Amino acid sequence: MSQQKQVMSGLRSIKRDFSSNPVPSSSQDSTPSSSQSGTRTLSGMEKRLRDIQAALDERAACTEKVLASYPSSQSGLSSSSSNSTLKRPATTHPEPANKRRQLPSSWNRDPPTAHTTQSRNTIGTVTPKTSSVPTKPGLVALSQEQTHILRLVEQGNSVFYTGSAGTGKSVLLREIIKTLKKRYSKVPDAIAVTASTGIAACNIGGVTIHSFAGIGLGIEDAEHLATKVKKNKKAMARWLRTKVLIIDEVSMVDGELFDKLARMGSFLRRHVEPFGGIQLVVTGDFFQLPPVNKGGQVKFAFEAEYWKQAIKNTFNLTQVFRQRDPEFVDMLNEMRFGRLTQKSIMKFKRLEREIDYEDGVSATELFPRREDVENSNRLRMSGIQGSHEHIYTASDGGVLYGTDQGTKMLANFMAPQQLKLKVGAQVMLIKNMDEFHVNGSMGTVVQFSDGTDWTAYPPPEEDGPKKPTSKGPAGNEKKPAGGMVWPVVEFLTSRRRILIQPEVWKVELPNGEIQVSRTQVPLILSWAMSIHKSQGQTLERVKVNLAKVFEKGQAYVALSRATSLEGLQVLHFDPAKVRALLSYIISRSFILFTGQGTSQGRRME
Ligand SMILES: Nc1ncnc2c1ncn2[C@@H]1O[C@H](COP(=O)(O)OP(=O)(O)OP(=O)(O)O)[C@@H](O)[C@H]1O
């Protein structure tokens, strides 16, 4: 029975009930449950929580009204419901595919499927034609709550949706972008896809919010910035033509910046509403990485003056897809909300053990600093003896190529400028290929080949003549004279050997102008990875040394990348480390918008 239980996270309210999830006195709890508040004198903080709860209830009621107006027959789900409350889907969700937050260029070329997302193969493999290409697991059917949000966006509503790690925010965002781009296919520049940071922007094929707005560092006040934009034809055109502004990883958007953009939009578009009436689609998890603190007090976007006015619909995705073990989901949620029970603390501490992976593919160690990542990967590479090193140098381009800005943008790509590989190197795929080989899939380089004797995957014609498949044993490198050779990777989960050829990444403005592009083999060394780059990633084997984690939110981001407790090793677990961001958020009452999460998925009623 428990295996059938859907893994849920988060509430849409603080009206939670801890009776089935008691928090012992030893827990890290600092926020009262509302059930307690009615029975004794309320503290100042409790009163504040209660007041904001009342305000939140009002807003939720408004959102529910909008939902209720949406006809259930359009949900596209078998278990559609006209009930305004977001319900748990009636059916068990399909097998989650390991995907990371990225919108590969190949994604856009997919034929549109009704509210399903499917990655597309672009790379060769040795898989013989007879092995049928599975399609089902790769089809990610949006859950009911994801579909509701998509519908609201389609109806032109400004929306902020959040959810704990692994609740499918990125999957939904990809679908929203795809749907909107299709709808506005005849209106150039209508959809602006942006994110708070370069890395996050690259992951969704967009630009940074600064870049979109044309504000440089954005230090001046809104009036000055607007005057600056007026003198910049391209930036001005973007502001005027944009119909929908998408902002991903909003937790890292500074509240002051949000207000400046809101005001700029009003000036530039001569429209009294924040952002000049542009529809907003904002997503992120405020419990993950916060805005970069430039010395002063951090102000989150939800604390911005115009936040409430700009975004009338707030949602919390509750169904966790990344982790399927309810115990792990609960542990992560306790951590997210700073309510770690003694039991969970002990459980996390027990994850210090070494894990011996018999297949030789070790866990990806997540580090806060890039230098540690590079050193770790370099050390492991140099430990591989007797194998020739292949160096792949990226081919870069775009209108900003060669400028400082362009160089910074290129540095945000997951794909490195120079990729050094050997037979035996542990790698991670950084593009989606098919349902089993996705961004985040781990494997080992087993040989290099020019690809002449490899079949395409999936085969172009089911009944066509079979081409010979490469059967080179691991380590048997083929180097045809004068030709390029590409790495062949044996993937951990599928056990398939796939020839990996270059792919293209682009930073593109809404008008289609390519700011920078990079063509590179879509692999990175994966013995180690930075926590920043891991954000949005789904990893089966993860190792984190919490003694090295220093930034707020990093511990939660790092640990929540793992799909299971079995594949997670945690060194120096310290509950204090994971509390840091929470105290930030609680002090700003954001918890009220997200609530307590459990595997049961309690919601606002
Ligand atoms: N509707 C769905 N059905 C099945 N699997 C899904 C669905 N939505 C998301 N997933 C899967 O869940 C995993 C996590 O999804 P995703 O990366 O979108 O979550 P997220 O909320 O963006 O996480 P994070 O905040 O940690 O980046 C992925 O493997 C994704 O394929």
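Q: What kind of crossing does helix 4 make as helix 4 passes helix 5?
A: Helix 4 passes helix 5 in a right-handed crossing. A crossing receives this name if the near helix is turned clockwise from the far one by less than a right angle, and is left-handed if the turn is anticlockwise. The helices are DSSP runs (H or I, at least four residues; strands are E, at least two), numbered from the N terminus. The model is predicted: local features need pLDDT of at least 70, side-chain atom pairs count only at pLDDT 80 or more, and totals for chains, interfaces and linings use all residues. Residues are numbered from 1 along each chain as its sequence is written.

Q: Why are helix 4 and helix 5 called roughly parallel?
A: The axes of helix 4 (residues 144-154) and helix 5 (residues 169-183) cross at roughly 30° and come within 10 Å. Axes are lines fitted to C-alpha atoms, for helices over the stretch in contact, and angles run from 0 to 180 degrees between N-to-C directions. Angles under 35 degrees count as roughly parallel, over 145 as roughly antiparallel, 65 to 115 as roughly perpendicular and the rest as oblique. Helix 4 and helix 5 are therefore roughly parallel.

Q: Which residues of helix 4 and helix 5 meet?
A: Gln146, Ile149, Leu150, Val153 and Glu154 in helix 4 meet Leu172, Glu175, Ile176 and Thr179 in helix 5. Contact requires C-beta atoms, placed from the backbone, to lie within 7 Å. The residues of this contact comprise five nonpolar, two polar and two charged. Ala, Val, Leu, Ile, Met, Phe, Trp, Tyr, Cys and Pro count as nonpolar, Asp, Glu, Lys and Arg as charged, and the others, Gly among them, as polar.

Q: What makes helix 9 roughly perpendicular to helix 10?
A: The axes of helix 9 (residues 233-241) and helix 10 (residues 255-269) cross at roughly 95°, which makes helix 9 roughly perpendicular to helix 10. Met236, Trp239 and Leu240 of helix 9 make the contact with Gly265, Leu268 and Arg269 of helix 10.

Q: Why are helix 8 and helix 10 called oblique to each other?
A: The axes of helix 8 (residues 222-230) and helix 10 cross at roughly 50° and come within 9 Å. Helix 8 and helix 10 are therefore oblique. The residues of their contact divide into seven nonpolar, no polar and two charged.

Q: What is the mean pLDDT of the protein chain?
A: The mean pLDDT, the predictor's confidence in each residue from 0 to 100, is 73, and 67% of the residues reach 70 or more. Over residues 7-138 the pLDDT is below 50. Where pLDDT is low, the predicted coordinates should not be read in detail.

Technical notes: Two residues are in contact if their C-beta atoms, placed from the backbone, lie within 7 Å.
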